[in-house]
Amino acid sequence: MIIESPQLSESFLDQVEKIVGPSYTSSKKLDRLNYARDSWFRETIKAKYAKTNHFADIIVWPANRDQVQSLVKLALLEKIPVVPYGAGSGVCGGVVPVKGGMIIDMKRMNRLIHLDKENGIVEAEAGILSMHLEDQLQRQGFTLGHFPSSIICASLGGCLAARSAGQLSSRYGKIEDMTLEMEVVTGRAEVVQTRNTNNRDGIDLNQIFLGSEGTLCLITKAKLRVYPLPKERIFQAVRMKDMETSIEAMRRFTQTGLKPSVVRLYDELDTFMLLSSKTKDHTHKKEKKKSEGFLAELKELGKFKAVRKALTFPRLLNAASKFIPNGCATVYVLEGEKEMIRREQKILMDICGSLGAEDLGDQPAYHWYQNRYRISYNSSPAFYTGNLIDTIEVAISWNKLNELYEAMVKAVSPHALIMAHLSHVYTDGGSLYFTFLAPLKGVRSGQKVYDKIWNKAMATCNKIGAVISHHHGIGRLKAKFMQEEWGTGGLDLYRRLKEYYDPHAIMNPGKLIQEKEDIAQAS
Amino acid sequence: MTKNLEAKIEEGLIDFHLDKTSHVVTCDAGLRLEDFEKRLNKEGFTGAYWNFKSSKKTLAKLLEDRESNIYFIRYNGLEELCVGGRFRSPLSSEPFDIKVAPRAATGSDLRRVLIGSKGLMGGFSKVTLKVYPLPEKISWFLIEFDKEQEAVQAFKQIYLLWIRPLYVSFLRQSPIKLKKPLLKNKVYLALRLSSLEEIVQSEQKTLQRLFKDKNIQAVSEKNTINSLDQALMNQKSFDEFTSYLGEFFQYNNHPEAIQAESDLRKFLEG
């Protein structure tokens, strides 16, 4: 792997130093290597085999909005690509500096500016880590209700830029539902203040910048809705015979208009992982350490030669998983005022009971809640024991959810072991979250298998009418699927917005949509 | 709804497909609001949207102007109720369909950018909107205060505790006969609760506990509910109460934000 010297003029580097100060800029190879990727699995494969090939020329850490604006002005003058960087937890390659240039890392802009307790509104800078923001709010008796599993390594700005969802989204909504106002610096080097236009007229600028993944602007701060911490919490798990019946129960419950904070339905294989890790949790301490969720289980499984060998026959393994006699488990967490959540629990159990559910009590749900952040971080050990592992999150209306689940499993089964859960629900539909696992046998074959799985999965989504991302975003990974996702008409509209907010195309090139030159480069 | 329109829907000349599983309806955006709502009511559903001034407007026009929903506290505005559709835009080379899904993380939310753009970006020819079952139970809940500001403070507290009334208003001395007569020089926070019976009951119970030191009363008799509906559900009453909520919902009209919208508009028009 060769990291070439930065391709920027001395005068540019000098001016950057003048803006942020010499301590807050770096062109060191080590920094450029560290900032070459986020948590996108395809880039992780490349990194494992020392094949990383896109490096920024410089990384800068501005302290305030004015510095961000000055940096973008400078980049604009010299037509230098700008890549906004939060905390690097994205899984779609949204920060890969494909054309080099300047990475603007927002981490120094990490203040909670103001908490308005009376109105339930927090104002914070975009670089604050989600966990730090939540901790500061909770110390004052409030919560944002945004708990992505990446909470310890995801910035607020990153969440906003990718339309993130937390584990409690069924109650609190996704990050875009919480956002009231934003301040951004566009690719024109202009500061834009947005306003809340919900239920009144005006062009909704929030909805232009949210999810734009740095291709239009850098987000510098935002105002969001917060709530007092819930007084009570009820945990409840149920088991049903299959996915279809479980989806039906979730649908009926969600459409009562109630807002459970957590609703997670696991398919047969995922249920096996959930319940077996839960069982161990209550045996003895040594085993408890080992069992940290289903990915840990996969890691354990991956260590066994026989299972690794079986992963080379994924279709067979997937078919076998359907015969695991454990049905499908759903965990629910209800929170709020005592009278209300007790009544909610009764309604829930009436609905589930009418569909033949088995009451699993509170333990599986409580266990999940206690371990909810650990799961994602177990993908690394699974990777280092020689497995290719990634997740796909898609969304669709209720009438097609089961069809989508079955079609996705069928599409991916020939190439990888696949399991799923349904964990973000709304009155009109929900999001399925698939995890796939296959043996990793080198950089080229690994990428080939990886691409094949994604191509088939996205084609399946498009065929059934699902959206190709519910909360991970598009980045580089799914840019090539956006033509079908939005259609030419939708892309035309986005390009007009891009033309206005980033007339010189300096903002995060190669992300969100595939331009003609990207297609040529890829081929 | 005129018989003519009903017949056209039945004959398939006007598109109107109610998906009772997903609780969405897909229809021609040219349908008038009052016809749309009546048709849904016939099927046991509601569009959860109403605007006192615009019942004769088409869905396309309402979306174009993002006209406010009087039920926004419970169901949000049109930007949240509209989940997809077919759009024609002068900025695009061809019409395009917005996928029907509850949420997406596929870039800017084009659907929500189009809603409220006052035609600048074009208009919906077909639209998919969320629908909700007609409520099982309706009840008014009245809480007595000395001043409007105190009532507004109480509303904020209620909202942040996840009790979302269908409609909220101030109520002052009124000829309507109630179990506990309304007092002079007092203002009442009137909350119209509507949902499953069990949910309404639990909301009432929570409100009784929260405001146990206040003079409160729940109204469940049909005639009295109708009288309160007539007295409170009107434009004047809606405007008065929402005028107190600007800070809470951050309805700020920052000059910079207005300017930014205007600049974008000029560019797109050009």
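Predicted model: local features only at pLDDT ≥ 70, side-chain atom pairs only at ≥ 80, totals over all residues.
View 1. Take the contacts in chain A between residues at least 6 apart in sequence: 76% of them join residues at least 24 apart. The secondary structure of this chain amounts to 23 helices and 18 strands.

**View 2. Overall dimensions and burial of chain A.** The C-alpha trace of chain A spans about 70 × 55 × 50 Å along its principal axes. A compact globule of 523 residues would have a radius of gyration near 24 Å, and the 23 Å of chain A agrees with this. Of the 523 residues in chain A, 64% are buried. The accessible surface of the chain comes to about 19100 Å², and carbon and sulfur atoms account for 51% of that surface.

**View 3. A nonpolar surface patch on chain A.**

**View 4. The contact between chain A and chain B.** Chain A contributes 87 residues to the contact and chain B contributes 81 residues. The size of an interface is often given as the accessible area lost when the parts come together. Here the two chains bury about 7300 Å² between them, with 55% of it on carbon and sulfur atoms. K99(B), R103(B) and W162(B) supply 11% of the area that chain B buries against chain A, more than any other three residues.

**View 5. Salt bridges between chain A and chain B.** There are 8 salt bridges between the two chains. R195(A) forms a salt bridge with E261(B), and their closest N and O atoms are 2.6 Å apart.

Note on methods
Residues numbered from 1 in each chain as written. Chains lettered and ligands numbered in written order. Heavy atoms only, no water. Patch = residues over 30% accessible without salt bridge, like charges linked within 9 Å, V, L, I, M, F, W, Y side chains within 5 Å. Areas by Shrake-Rupley, 256 points an atom, 1.4 Å probe, with all protein chains shown as cover. Salt bridge = Lys/Arg side-chain N within 4 Å of Asp/Glu carboxyl O. Helix = DSSP H or I, 4+ residues; strand = E, 2+ residues; numbered from the N terminus. Rg over C-alpha atoms; globule rule 2.2 N^0.38 Å. Buried < 20%, exposed > 50% of the residue type's maximum accessible area, 1.4 Å probe, protein only. Contact = heavy atoms within 4.5 Å. Buried area = accessible area lost by both parts, 1.4 Å probe.
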